[in-house]
Amino acid sequence: MNPFFFGRSERPLFGAYSPGRGGVEPRRSVLLCYPVGSEYMRAHRAFRQLNTLLNRAGANVLRFDYSCTGDSGGAGDEATVEEWMEDIDWAVDELMDNALSDSISVLGLRWGATLAALATQDRDEVDHLVLWDPIVSGEEYLASVLDEPGAPGLLGVEGFPYSEALRDGMRPIDLRERPKAFEGRRTTLLVAEDREDYREVVEAARRHGVTVGHQHVPSPADWSRADPFGDALIPQEIIQTAVAILQGEVS
Amino acid sequence: MRERALTFGPANLVAILTEPDPEQARPDAPGSIILNSGILHRAGASRMYVRSARALAEEGLTTLRFDFSGIGDSEVRRGESIPIEKRFIQETREAMDYLQTEMGLDRFILGGLCSGADGAFWTGLADERVSGIWQIDGFSYTTRGYWIRRYAPKLLDPRAWMHSIKVRVAPEQAGVSDDREEVFVKPEYRRVFPPREEVEAGLRALLERDTELFFFFTGAQEYLYRRQHHDAFPGLGLDERAKVEFLPECTHTMTELEHQRQFLHHLRTWARGIVGPAPEVAAEAAA
C-alpha cells in the first residue's frame, strides 16, 4: 500500500493506493468513499478489509480521506459538502492516474455513497457505482443524529463537529429526487436492511428511465451507533457481496 | 505545520509526520510519537490524534502518528511471534529509530489513549530516549478517597440499600493482537492493569530519569477525583512532579467538543512547559 497526499496544496487529501494482485486482466480500478464523522472511524477497518479482498481479486484500489476528516488537511469545523464532492472529483482523477485506467468503479458507504453518486454524475469515466447503505435523505439523517438539528452554531455528533455550513449542505440532499445521478452507468444499491426509502430510490430511478440494482444482504448496519471504546463494525457478508458486485459476478 | 505520509521500519508501518512550520520549529525540542488506541487507526478517537499532533507541532514538536502492525493501514507483521506488549515497545522503538535517523531527534515524548497510554509507559521504561509521556486514561488505582467518594453518599441514602452494588471487573476492549492472517479477524486485546506496585516502580524509575509526565483521566475509569493519582502513589510526589488533570464528564473517546478543547489546552500547556514558549511568544515577552 502506498500512502500519500494529493489534491489541493492548501488542504491536501490523504490517499492509500494499492494495485491489484495476480494475473487478472483487464484490471478493474475501484475508488472507495468512506462515511463521515464517527461512522468513518467505525468503518475504517471494514474498508481496509474490503480493500484487501479487492486487491486479491485483481482490482486496483484507492481509499482517501475527505478534506477536514481523517488524515487529510483542514479542521473538522471547516468541512462542507461542496468541498467533499470536489474531493471525490480529485480522487477519481488520482485513481485513474495511478492505475493508468480509463474507467473506474466507485463504492461508497453511507454519506460516501450519496456524495459519490452526486459528485460523479457528470464523470463518464465512472461506469459503475455501488451505493452501500446510502444516506437517502440528508434531513432525515440529521434528525437521526442530532437532538436539535435546527439549532444554530457548531454542533457535535459523537465527537465530530457539524458546522451550520455542513448541515446546510447535507439537509437538502435526497437521493429520491436525484435519479439523474444514476444515468449512464451501472448502479447497485447494496443494503443491509430492506427499507422503504431504499426501494423509493430504485423506483424514482425507474420512473426516470434508469435501472438501479437492489441487493439486500441482511447484516449489521449500525454505523452510527456510539461505541464507548470506538469498536469497529465489520459486516463480512455484505463486504464479500460488494467484492462480487465489483467483479461483475453479481449484478 | 506540514504533514506527510510515510512508511518506516522493517514492517513498513504507515505513519503521518507532522512538522512545525520553520518559524515554529524548535531545534532543541524532543520528537513526539502518538500510539494507537485499541484498533482505532492513527487518526485517533474523535480525530483527536490528528488534532493533538497538530497542536504539538504548533508548540514546535515534530510528531509522528503511526499504526502498529495489524492496525489501521499497517500490514500484519508476518513470520514473527511477538507478544503484544513487546510489539508495542519494539515498533515504538522503530519509530524512534526512524526519527533519529531521518530527523536527528534523540529524545522523545510518547503519548496515547488507553492501550496507547500503556504502550507509552512500557516503552518509556524500556528506552531511555523517552523524556516525556502523556496518557489519556492510563493505569489508575483506587484509593481510600475513591471509596469514600463512591460509597459515602450511598451510605447516607436509604434508597441505595435497595440496590445491589455493581462490581466492575478489569476493563477490557478490542486492541492489538497476534499475527493471524484471516482478513476478517478483528484484533483483540484484553486490557488488565498491572499490580499497583509494578506501576509505582515504573513511575519511580521514570521520575528518577526526570521524565516529564502528564496524566489525563476521563470519567470512564474507576477514577473519581483529581488527586486520586497522587494518592494512589503517595511516595512519588506526583503533586510536584507531574501534571494530572481529571474531567469527570468526559467520555473515554472524548465525544464532546468542549472536552476535546480542554484536553488540547492541557496538552499544549504541558508541552510548552517542556520546550518553552513558541519563539514569537518569547520575543513578545522579552519586548
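## Strands 3 and 4 of chain B

In this predicted model, strand 3 (residues 31-35) and strand 4 (residues 63-66) of chain B run parallel and are joined by 3 bridges. Within strand 4 of chain B, the residue standing opposite B:Ser32 is B:Thr63.

Helix 1 (residues 48-58) of chain B packs on the sheet, where it touches strand 2 (13-19), strand 3 and strand 4 of chain B. The direction of helix 1 makes about 165° with that of strand 4 of chain B.

## The sheet of chain B

The sheet in chain B is open and has 8 strands, in the order 1-2-4-3-5-6-7-8, with mixed pairing. Its edges are formed by strand 1 (2-8) and strand 8 (243-247) of chain B, each of which pairs on one side only. From one strand to the next, the twist averages 20°.

Most residues other than glycine have a negative phi.

B:Ser46 belongs to the loop between strand 3 and helix 1 of chain B. With 29 other C-beta atoms within 10 Å, B:Ser46 is buried, because 20 or more such atoms are required for that class. B:Asp210 is located in the loop that lies between helix 5 (196-208) and strand 7 (212-218) of chain B. Here 9 other C-beta atoms are found within 10 Å, so B:Asp210 is exposed; the limit for an exposed residue is 12 or fewer.

## Overall form of chain A

Chain A contains 7 helices and 10 strands. Its radius of gyration is 17 Å, close to the 18 Å given by the globule rule for 251 residues, and chain A is therefore as compact as a globular protein of that length. The C-alpha trace of chain A spans about 55 × 40 × 35 Å along its principal axes.

Of the 251 residues of chain A, 52% count as buried. Where contacts in chain A join residues at least 6 apart in sequence, 72% of them are between residues at least 24 apart.

Note on methods:
Residues numbered from 1 in each chain as written. Chains lettered and ligands numbered in written order. Predicted model: local features only at pLDDT ≥ 70, side-chain atom pairs only at ≥ 80, totals over all residues. Pairing = 2+ DSSP bridges. Helix = DSSP H or I, 4+ residues; strand = E, 2+ residues; numbered from the N terminus. Axes fitted to C-alpha atoms, helices over the stretch in contact; angles between N-to-C directions. Contact = placed C-beta atoms within 7 Å. Rg over C-alpha atoms; globule rule 2.2 N^0.38 Å.
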